[in-house]
Amino acid sequence: MISIALPKGRLGEKVYAMLEAAGYGCKDVLNPGRRLVLYDPETDVRYFWVKPTDVGIYVERGAADVGVAGKDILDEYSPDVFELADLRTGVCRMCVCGKADFVDPVDRPLRIATKFPHIARRFFDSRGRDVDIVKLHGSIELAPVLGLTDVIVDIVETGGTLRENDLTVLETIGDVSARFIANKVSYRFKNAELSEMARSLGGS
Amino acid sequence: MENVYEQRLTGLYESFGYSRFRTTKFEPYELYSFNRDFLRSGRIITFTDLDGSLKALKPDITLSVVKNSGGTPGKLYYLETVYRPRDHRFAELRQAGVECLGTVDDYSLCEVVALAAKSLLCFADPGRAAGEGGSAFLLLSDLELLGAVFDAFGVPDGAKSELTALFEAKNADGISSFCAKYGIEGADSLRELARLFLPLDEGLKRLGELCPAAVPKAERLRELSVTAELFGVRELLRLDLSTAGNLDYYNGLIFRGVVAGVPFNVLSGGQYDLLPARMGSPLGAVGFAVYLDEVENSIGAPVNARPDEILLYNDEKSLKNAALRANELRAAGRKVLVMNEAEYEKSASKRR
């Protein structure tokens with residue numbers, strides 16, 4: 001049996017469609033009702049929906065053999081897992097954003113609002129820039145508008161929210177997309193099945 | 001008291017003539033501050049001793065073994081408690097290990113690898129066969145070999161750690177992007193090398209096809225695949241180049257152990273000549289550590305303290321009979337629990 005952790009939400013549903021098309025379907029996954037775990041004896045796969053930020057933990061600790069997580073989540077939480085395939089869906093960018101007339105205040109630490117403090121710190125550390133990171137859980141764009149911070153580090157898909165708040169992308173940190181990940185021990189004991197699953201999802 | 005796993009490991013290492021290395025819980029802090037890059041984590045619990053000296057609770061045993069060897073060759077094992085961060089807190093962790101100090105020749109290398117593989121079988125489910133689809137694998141790589149592979153593909157020195165990280169994650173798509181970024185040809189071969197997980201013989205054959213220039217550096221592994229047969233552990237060995245580990249610590253062969261049912265590596269080891277060299281010792285060194293807490297957290301330890309006999313009493317007469325009978329049984333080597341009948345029932349119902 002292969003256990004699969006899917007991220008709740010649109011991305012998870014999109015990836016489930018890919019898995020189903022690849023022959024790993026499971027009845028009722030998209031309509032689980034109150035059931036938390038769904039098993040299909042025909043395909044011998046077990047699915048469960050978890051919070052996107054938790055997928056890496058479920059996989060790293062072996063509760064799931066494989067899962068799907070955004071590259072942003074993997075970079076932020078650094079779970080010790082194999083990254084078997086780029087699913088090329090949920091594509092966006094991790095960016096530094098601010099007001100269009102932003103000028104870096106080089107005489108003091110740069111104030112940054114973000115949901116991704118580790119990514120932000122790594123990026124600015126690599127440049128030797130001193131930063132003051134403010135961790136927020138939502139409405140990140142509000143921070144520079146109200147003067148809480150100078151810039152934000154966040155994922156940008158279309159840029160619509162930024163434009164509506166007179167913000168712009170100042171710099172791209174990296175590309176983000178959904179990744180098919182595997183527990184490092186499961187990969188060894190279920191090597192043939194997991195390698196085949198990765199291949200069928202477009203892994204190179 | 002040692003549990004069943006610890007007894008099995010102790011028995012295994014002693015059957016190969018290894019002597020037990022016993023240690024205190026503390027070492028002078030400078031031992032770790034000077035050798036921080038040899039530790040799994042640089043975070044250490046320190047305290048000021050009564051004489052004003054700065055001490056540390058041991059985060060690692062290998063440093064103590066090498067320090068105490070005084071440049072004398074030896075084959076040692078240990079079973080100790082170490083103190084390291086785990087889940088953002090310090091934890092007290094049980095660890096076993098083997099250290100072989102001296103000339104690291106083909107025999108000693110293979111013996112340590114065999115002991116590592118046999119250590120995994122101490123935890124493995126006897127109902128599952130070792131090897132393919134079995135209960136345990138020892139994953140082998142070699143840092144000199146990996147270096148030769150990278151050189152053969154023309155990976156720039158400054159980008160090697162980036163590619164090592166991609167190998168460690170078996171990130172094939174990441175390797176494609178890496179090759180495009182640095183203008184490296186042969187991305188398909190590099191991707192396959194990162195994904196390799198094959199029985200050692202097969203793996204070496206495939207490696208030779210994918211990267212012939214690195215074959216001379218695979219000699220150590222090739223020798224191992226032959227001698228492993230002598231120890232009966234060949235079925236457990238897998239070539240897996242994602243096993244990179246701490247590049248500051250190891251300098252040759254490197255290995256990790258996995259056991260079905262435990263989601264993390266339960267064993268890691270390799271050749272670490274750089275550590276004795278830094279301590280001014282001419283010795284070579286190869287060894288490994290077994291993370292007993294990972295095993296016990298996932299699959300538990302078999303209970304070995306259960307009594308063979310339980311004798312109950314409920315009055316003075318039955319108490320006397322029970323005590324006498326218990327003496328006889330204990331003299332015959334049985335483990336006997338004597339207990340008040342009512343209290344035994346209560347504790348038994350709670351356990352149920």
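**Ground rules**

I'm working with a predicted model, where local features need pLDDT of at least 70, side-chain atom pairs count only at pLDDT 80 or more, and totals for chains, interfaces and linings use all residues. Residues are numbered from 1 along each chain as its sequence is written, chains are lettered from A and ligands numbered from 1 in the order in which they are written, and side-chain values use heavy atoms, with hydrogens and water left out.

**Entry 1: domains**

Chain A has domain 1 at 2-90 + 177-200 and domain 2 at 92-175. I get 30 Å between the C-alpha centres of these two domains of chain A. In chain B, domain 1 covers 4-299 and domain 2 covers 309-351. There the C-alpha centres of the two domains are 48 Å apart.

**Entry 2: between the domains of chain A**

Domain 1 of chain A gives eight residues to the contact and domain 2 of chain A gives 10, with contact meaning heavy atoms within 4.5 Å. The size of an interface is often given as the accessible area lost when the parts come together. Here I noted about 680 Å² of buried area, 42% of it from carbon and sulfur atoms; buried area is the accessible area (1.4 Å probe) that two parts lose on being put together, summed over both.

Which residues in domain 1 of chain A lose the most area to domain 2 of chain A? I wrote down Asp72(A), Asp75(A) and Glu76(A), which together make up 65% of what that side buries. Helix α3 (residues 71-77) of chain A gives the largest share of that side, four residues. For elements like this one, helices (H or I, at least four residues) and strands (E, at least two) are DSSP runs, numbered from the N terminus. I sorted the residues on the domain 1 side into no nonpolar, three polar and five charged. For that sorting, Ala, Val, Leu, Ile, Met, Phe, Trp, Tyr, Cys and Pro count as nonpolar, Asp, Glu, Lys and Arg as charged, and the others, Gly among them, as polar.

How many salt bridges cross between these domains of chain A? I found zero, a salt bridge being a side-chain nitrogen of Lys or Arg within 4 Å of a carboxyl oxygen of Asp or Glu. I did find four residue pairs in polar contact there (both at pLDDT 80 or more). A polar contact is a pair of N or O atoms within 3.5 Å; within protein, one must be able to donate a hydrogen and the other to accept it, and residues adjacent in sequence count only if both atoms are side-chain atoms.

**Entry 3: where chain B meets chain A**

Then I moved to the two chains. Chain B puts 26 residues into the contact and chain A puts in 20. Together they bury about 1,800 Å², with 51% of it on carbon and sulfur atoms. I count three salt bridges between the chains. One I looked up pairs Asp173(B) with Arg88(A), with 3.6 Å between the closest N and O atoms. On the chain B side, β7 (136-142), α7 (172-182), α8 (187-195) and β10 (253-259) of chain B each give two or more residues. That side of chain B splits into 12 nonpolar, seven polar and seven charged residues.

Is Tyr187(A) buried or exposed? Tyr187(A) is buried, at 2% relative accessible area (buried is under 20%, exposed over 50%, partly exposed in between; 1.4 Å probe, protein chains only). I found Tyr187(A) in helix α7 (residues 184-189) of chain A. Tyr187(A) touches residues including Phe82(A), Lys170(B) and Phe197(B). Its side chain also reaches the backbone oxygen of Arg195(B) at 3.5 Å.

Lys170(B) sits in the loop between α6 (160-168) and α7 of chain B. I noted a positive phi of about 45° for Lys170(B), although it is not a glycine. At 1% relative accessibility, Lys170(B) counts as buried.

**Entry 4: Ser139(A)**

Last, I looked at Ser139(A), in the loop between β8 (131-135) and α5 (142-145) of chain A. Its phi is near 45°, a positive value in a residue other than glycine. Ser139(A) is exposed, with a relative accessible area of 55%.

Key: Domains from an automatic or database assignment. Lists of a residue's contacts leave out its neighbours within four places in sequence.
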